[in-house]
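Hi there,

Here is the structure I promised to pass on, with the sequence alongside. My notes on what turned up follow just below it.

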Amino acid sequence: MRRSYLGEFEEVVLLTVAVLGTGAYGVAITDELDRQTGRAVSISAVHAALHRLEEKGMLKSHLGEATAERGGRRKRLFSVTILGSRTLHDIRAVRDQLWDSISPQGLPAVSL
Amino acid sequence: MSAKLPPRWAERFLKIVCAPHLFEEIQGDLYERFLRNARLFGIPYARRQYAREVLSFLRPFALKRQPGEHPSISLLNPGMIRNYLKIAWRNIAHNKSFSAINILGLALGMACSLLILLWIQDEFSVDAYHANGPQLYNVMERQFYDGKVEASPGTPGLLAEELKKQFPEIEYAAGLSWEQEHTFSVGEKLNKEKGRSAGADWFKMYSLPVVAGTAETALNGPANIAISRKLADHYFGSPQAALGQSIRLDNKDDYQVSAVYYMPQNSSETYDYVLSWADFIKRNEWLKDWGNNALQTRIQLRTDRNGVTADPDRLEAKMKPLMKSHNPNMAKNGYDIQLFLQPYQDAYLYSNFKNGYQDGGRIEYVRLFGIVAVFILLIACINFMNLATARSVKRAREVGVRKVVGAGRNWLIGQFIGEALVLTSLSLLIALALVGLLLPIFNSLTEKHITFQFANASFWITLLGMTFLTGLIAGSYPALFLSSLNPIRVLKGAIRFGTGARLFRQGLVVFQFALSMLLIIGTIVVYRQIDFIQTKNLGYDREGLIYLAAEGDLASHYATFKQELLRMPGIQTVTFMNGTPTNTFGSTGNVQWTGKDPNTSVQFQFSQVDYDFTKTLKVKVTGRDFSRDFSTDSVGYLINETAARRIGYREPIGKPLTLWGKPGLIIGVVDDFHQNSLHQAIEPFIAKLSPTAEGKSIIVRTQPGQTKQALASLETLWRQLNPKFPFSYKFADEAFQRLYHSETVVGTLANYFAFLAIFISCLGLFGLAAFMAEQRTKEIGVRKVLGASVPSIVALLSQDFLKLVLLAILISSPLAWYAMSRWLQDYAYKIDIEWWIFAVAGLLAVGIALLTISFQSIKAALMNPVTSLRSE
């Protein structure tokens, strides 16, 4: 099955949108990424990724209500589309399959 | 307060670069982060961070604009342009007569201006090709004598060398002789050629392209001669073949060709050969005398290592006492000569001197014709403006519709100016064809070699500039006027022109006719003055007078020549003189008489003559002419009336007079005769008998009506006595015409231009009258029904225009009077500007205007009222 290619960063952003549910917008996604992965990402990189994902049809968005803490400006709220969800599931399936196929000696032990 | 906000510049920057559809969310996110950063880390950090984040948004996705939902279509898109052109073309095609008037008027105006422009360009290109041009100067003399100051190009023969020795500022200096005519013989080839002698530096100063030989050493030896390519080709076949060959001059001396140069056409002075200075001074020993000022001196100023040229003003100041130091008795005799410099490149256009100082010259004609070119183009533009605005009623609906559909005023202005440009371009094509046809005629009239310089960028720039300017001027008023119309009123069908528009149109007509009147009056005055010159009694009879140069064996055999000639058919009398009756030879201050104020120096034009002088010239003489019956006549003098008045004897005949230190008696007083052009007043003249014809002109008077026989006699005798020289002669009449060549050319050109101006003006008037008649069709119909006669209707239609023409006459007459009296000031002998000139010009203008209008008004008046009133 042909599926759109997702970059690693795009995949993480897409997952974060899913994590945040209804409150996924630029700043929130950036903060969540920071919190969950410990990566300090720039807001513009996040915006760029969101934009690209929307173009690929994995995200959809709408403008929310005006909020006071943003100086009256509206947020763009993102949610994952069916295609996005499908893609994430596919990726996960491939990974699981790969994990399952690894023999116990296949990976050097890592002390936890 | 502002410190709590993000940096203003960053916000503005974001607004400029960020795509509008992303701007709100991005700005919101950044602001939210700014507030948190400010809370956690302080405002300065937050502001820095904000700026950094803004800059990080310089990414393709944020910069890229989303296509709008309702794209605004530019009015310059191909569809609109096609529409403009189509409408323009339909307008041209629909109103064929108006378009023809417009295009024809503009084409004539442009052709005329283009010709003048080419001529002006050519005038400015004269002498402009020398590489050292800006450093070249002519040394001239300012002579103070007899209470007068006069500038003269004549300087002593040794001045160039002396200047170069004395003043380090001068890099090169060279003398230049008057135009000489020598007979060249190479093998069998025999011909008269005109050329000059010049100092050794000549070819270093003037960039004449040297085709063969070396420029630096061309004039070093006394027997060297540099010749033009024309001569080289003629005598030797090619420049290379000519080099080192010898040419025999005047059947006497041999000269070796040291260089062959090319004489560019746009040179003010042309010469086919240059002889060396040493040779020239040797042949004319008298030029070594510092008291004889007959030769030109040219210098080139030194340019130092930094490229700075020596200051000509300071050099001039240093040169002032030079002449006095070489002429010790100058101060004693009450006169002074000071040297001054004129830039060489100015000399052609600024050649006139008045009271010793620069005063106009050819530049006046350049300016005059420049103004005429602008005037004629303006007249043509006005036609266009007038017709376009008058006919704007027809286009008003179009303007209304365009405005309603959303055309802005600027676009309408653009459209109408564009239409004017289309018409102008069409006219330019016609104008170019016209100029192409007329150039040969124009060249022969002005004695120029003007061609279209298609390879020259400035030519195209001129054409483009002219088209744009004309289109812009012609299109400006109609465009402004039409685009200002109110669409609501226009579409309701009620357009009325304000008095402003009508006044403006009338003003334009007045302006047009005033300009035409100026040109007409100018033409009449120039023609009258030329006619005055041609018919004025000069004091001698120039009909049937022939000049020959006394050269070769003719001078030594003069006595035989005269004796034989008088026996041959067609010849009346023969004499000789220095110079000719049409050109003075030179002047001298060395005339003394009893009772002369020792502190003044009076300049006398002089000539050494033969017997029969007054008889040949047919000058009236009181007293007597020189005669063989009086042996004392070798120290007898003839003077003219002006000289007699200046000397102040009550009874001059028989009184003593001393010329060049030889005391003698005045034997006769001749009536004043004009020996120069009428630009100059008659000067004191003195004639003395000369025993030899060497260097003189032989003057022959033919029997009336027997010029042919006389020429045949002259040629036969010439071939017998002077076979080594080709027979050549000049008619006094032609020499005289030559004096007024530029006036005649100006007169002819002014005539054409005046005709064109009035023609173009009338074209416009014709169009306007046609339009007016069309507008008033109904009114005329009603008037006729009510019993108006045809003449009364014609008068009604004509009087509006006549009023304008009369006003134009009133305005232009004083202007023309002023301009023409300025022009006449150049003549010592001139016509009066009489009132009837204005009357004739005015009548002419009124007559032509009336003729133009009457065609239309009579046509309108004769129309059957039934047809004109039926349509409603």
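Let me start with a loop: B:Asp127 lies between helix 6 (96-125) and strand 1 (136-145) of chain B. Helices and strands here are DSSP runs (H or I of at least four residues for helices, E of at least two for strands), numbered from the N terminus. The phi of B:Asp127 is near 65 degrees, a positive value in a residue other than glycine. B:Asp127 counts as buried because it has 20 C-beta neighbours inside 10 Å. For that label, a residue needs 20 or more other C-beta atoms within 10 Å of its own; 12 or fewer makes it exposed, anything in between partly exposed, and C-beta atoms are placed from the backbone.

Some housekeeping before I go on. This is a predicted model, in which local features need pLDDT of at least 70 and side-chain atom pairs count only at pLDDT 80 or more, while totals for chains, interfaces and linings use all residues. Residues are numbered from 1 along each chain as its sequence is written, and chains are lettered from A and ligands numbered from 1 in the order in which they are written.

Another loop residue of chain B is B:Tyr206, found between helix 8 (202-205) and strand 6 (210-213). B:Tyr206 is buried, with 26 other C-beta atoms within 10 Å.

**Chain B overall**

Chain B has 30 helices and 26 strands, and 37% of its 872 residues count as buried. Taking contacts in chain B between residues at least 6 apart in sequence, 81% join residues at least 24 apart. A contact means two C-beta atoms, placed from the backbone, within 7 Å.

**Helix 9**

Which residues are buried in helix 9 (residues 229-236) of chain B? They are B:Leu231, B:Ala232, B:Tyr235 and B:Phe236. Seen down the helix axis, these buried residues fall within an arc of 100 degrees, so they line one face of helix 9 of chain B. The arc is taken over the directions from the helix axis to the C-beta atoms. As background, an α-helix has 3.6 residues a turn, so residues three or four places apart point the same way. The buried residues of helix 9 pack against several elements of chain B, including strand 4 (180-186), strand 5 (189-198) and helix 10 (239-242). Helix 9 of chain B is followed by B:Gly237, with a positive phi near 95 degrees.

Strand 21 pairs with strand 23 (residues 662-670) of chain B in the parallel sense over five bridges, where B:Tyr637 has B:Ile666 as its bridge partner. Strands count as paired if DSSP finds at least two bridges between them. Strand 21 and strand 24 of chain B run antiparallel and are joined by three bridges, with B:Leu638 opposite B:Ala687.

Strand 24 (residues 685-689) also pairs with strand 19 of chain B, in the parallel sense over five bridges. There B:Ala687 is the bridge partner of B:Ser607. Strand 19 (residues 604-609) of chain B is mostly covered, with five of its six residues buried.

**An open sheet**

Four strands of chain B form an open sheet in the order 16-25-15-26, with antiparallel pairing. Strand 16 (571-577) and strand 26 (730-731) of chain B stand at the edges with a single partner strand each, so one side of each is left without a neighbour in the sheet. Strand 16 and strand 25 (residues 697-702) of chain B pair over six bridges, among them the one between B:Thr573 and B:Arg701.

**Where the chains meet**

How many residues of chain A are in contact with chain B? The count is 15, touching 16 residues of chain B. Helix 3 of chain A gives the most to that side, with five residues.

Happy exploring!
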